[in-house]
Structure formats: C-alpha cells, structure tokens
Amino acid sequence: MIDISANISGVHFDSCIMNASGPLDTTLEELTDIAMSRAGGIVMKSCTVEVREGNPEPRYVDVEWGSINSMGLPNLGYKYYNEITPKLKSYGKPLIASIAGAESQEYRKIVESFNSSNVDILEINLSCPNVVGRPQIGYDFEMSEEIMGVVGDVSDKPWGVKLPPYFDFVHFEEMASILNNSKISFIVSINSIGNALFIDWETEKVLIKPKGGFGGLGGKYIKPTALANVRKFAELLNKRIKIVGVGGVYSGIDAFEFILSGATLLQLGTSFAQEGPQIFERVSRELKEIMEKKGYASLEDFRGKLKVMD
Ligand code: SIN
C-alpha cells in the first residue's frame, strides 16, 4: 500500500496533492468541485476585507507552457469565506483559508474572523504581484516581518505564508532568518513569477489587459524556479517549518521532484485551471506508480533526499 498522506501541525491530508489558491476557487460552487475531487485539501481564493472585482478582462490567458494572469485578487470578501466553511468542511477534508491585505491590520481583522470558524489552516498571502500600485509584500522584508508578528499574535490556527519566488541566495537567507524567528508552521513556495510579458506578434499586442500586459507567469515555465525555492528553503529553514511546493506541477514526475527537493504538500495552479478537478486523481496515481517502481512506501522515504554531485 503506497502512502502519499501528509501532515501539517497535526492536520492530516490523505493526499499531498491539492489546489493552489487562485484558479477556480472563488465561489462555493467551484470549491465544491474541489471538495468532491481527489484533492487532499481545499484551498480557497485569497480573500480581502472588502469584496474585490479584480482587474479588467482579459486577465488570464493560457500560453504554450503555462499561463499569464493579472487577476488582481477578485474575491467575495472574507465574510463570504467564513460563511461557507461549514458546507465545505462537511466533505471531511482539511480546509485552508488564504488571506491577502494591504497592511498588517487588514490581516489581523481577517485572521481574527477565521479563529472562530472551522477552517483548519491559514495561508497568509504575501506575494500577489497583480494589485496595481502595490508591491509584493514578500519582497519587503520589514513589512513581511511586521505582518508575521501580527498574525502570530492573533491566530489560533496553524498558519503559514505564501511567498514570491526569490532569485538570490542573500535574499533567501534574509527571508529564512525572518521565517525561522516567526510562528509559522509552513511556507507555500512559490507564487507566480511577477510581471512577465507575452506578445501576440501578429496583432502586435499584449495578451492581457491589466498593467499594460504585465502579469504573473505560471505553469511549466516556472518549475525550475519553484524547485530551487523549495530546495533552498528546505536547506535554510528550521525542520519544524514544512514546505508546500507550487509551480509547474503537471505530473507525478513533477510531484516526485518537489518532494525530493523537500516539499511536504503540493499545490496545483495553472495545471488545475487547464485540466480541471480530475488532475488530482491523475497526479496522485502517477506519483504512486513512481514510488512503487522505486520501492518507496511513503513520502518520508525520499523527502528532501535530493542527491548533489561530489
Ligand atoms: C491574483 O488574484 O491576482 C492572483 C493571486 C496571487 O497571485 O496571489
């Protein structure tokens, strides 16, 4: 029997494969489709204090090896995501609320509201690249630290942060030191690579409307960067901090590589948007087949055991 279950702060996931906050997880109807699939958990769209319409359309486009998006955090407001938790919890899976804000007091307000809900885990989004005029919080180390301090003071639930990709070892080290001194249980790494640009050469136009065509890059393009982030943080973080890998997971091989790099759980964003809820069953099955071939019975057998050259 191959076991692909995982655990974060005592919350048990039957499968380590689930959706990423972002695509197809804004309404109760969409979230119910995830609940009824083979996803190991249900992650809700990042919510804000106020309802947000998000950026003008077109704001998500599939491209050859992935996607570009500048959604701008369209969501139904934190009260909605509080109200639907009993319905979603009735499916028996871990439920994860994702929270976004402009400053620490907005995070405080939303985190406090979820304390009295039956959400299992909070994901604090520090990395949306698509809100006009607002920088990605995860690139501002001081602000990230402040928000983590506030959330740590008020959250009764296990919580972690969703980070943008980092590219420089000095930045990894600086962020890891903040994370090691915080009360987080996990990181989610990585959000889309911010401010990419796609062009339709025939029409000579950009592909999406917001921000002059700049948007977050997702899918196969970003897997090497995502693997590098998971691997580097696995080296730098205290072992109590788990890593949720995101970025270009389309297959069991991709999932295997993320776990080998140190991930505990995996989230699917663009690949889920493109294939729909059946992807959770397919990727789980493919991962189990690889493990069986290699003689691994559980994820512990190979997690983080990536080999390097002498
Ligand atoms: C968005 O709504 O713009 C995407 C969410 C995110 O990147 O965090």
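**Close-up views of the ligand site and selected backbone features**

**View 1. Positions recorded as "binding site" in UniProt.** The unreviewed UniProt entry places the feature "binding site" at Ser-21, Lys-45, Ser-46, Asn-125, Lys-162, Ile-190, Gly-219, Gly-247, Gly-248, Gly-269 and Thr-270. From this set, Asn-125 belongs to the lining of the largest cavity. The model shown in this and the other views is predicted.

**View 2. The shell of residues around the ligand.** The ligand takes up the space of the largest pocket.

**View 3. Polar side-chain atoms facing ligand oxygen atoms.** In the side chain of Lys-45, an N or O atom is 2.8 Å from an oxygen atom of the ligand. For Asn-125, a polar side-chain atom likewise lies 2.8 Å from a ligand oxygen atom. The side chain of Asn-130 has an N or O atom 2.8 Å from an oxygen atom of the ligand. On its own the ligand has 260 Å² of accessible area, and the protein covers 95% of this area. Lys-45 and Asn-125 are also among the positions that the UniProt record lists under "binding site".

**View 4. The cis peptide bond between Ser-189 and Ile-190.** Ser-189 and Ile-190 are joined by a cis peptide bond with omega of about 20°. Ile-190 is in the loop between strand 10 (186-189) and strand 11 (193-197).

**View 5. The cis peptide bond between Glu-57 and Pro-58.** The peptide bond joining Glu-57 and Pro-58 is cis, with omega of about -5°. Pro-58 is found in the loop between strand 4 (42-43) and strand 5 (60-63).

View 6. UniProt, in an unreviewed entry, lists residues 5-291 as "domain: Dihydroorotate dehydrogenase catalytic". This span is 35% helix and 22% strand, and its end C-alpha atoms lie 13 Å apart.

Definitions and conventions: Residues are numbered from 1 along each chain as its sequence is written. This is a predicted model: local features need pLDDT of at least 70, side-chain atom pairs count only at pLDDT 80 or more; totals for chains, interfaces and linings use all residues. Side-chain values use heavy atoms; hydrogens and water are left out. A polar contact is a pair of N or O atoms within 3.5 Å; within protein, one must be able to donate a hydrogen and the other to accept it, and residues adjacent in sequence count only if both atoms are side-chain atoms. Accessible areas come from the Shrake-Rupley method with a 1.4 Å probe; for residues, only the protein chains shown count as cover. On a 1 Å grid over the protein atoms alone, a cavity is a set of points where a 1.4 Å probe fits but cannot get out, and a pocket is an open set with protein on both sides within 12 Å along at least five of seven lines; lining residues have an atom within 4 Å of a point. A molecule sits in a cavity or pocket if more than half of its atoms lie within 2 Å of its grid points. UniProt positions are given in the numbering used here, feature names are shortened, and annotations may be inferred rather than shown by experiment. Helices (H or I, at least four residues) and strands (E, at least two) are DSSP runs, numbered from the N terminus.
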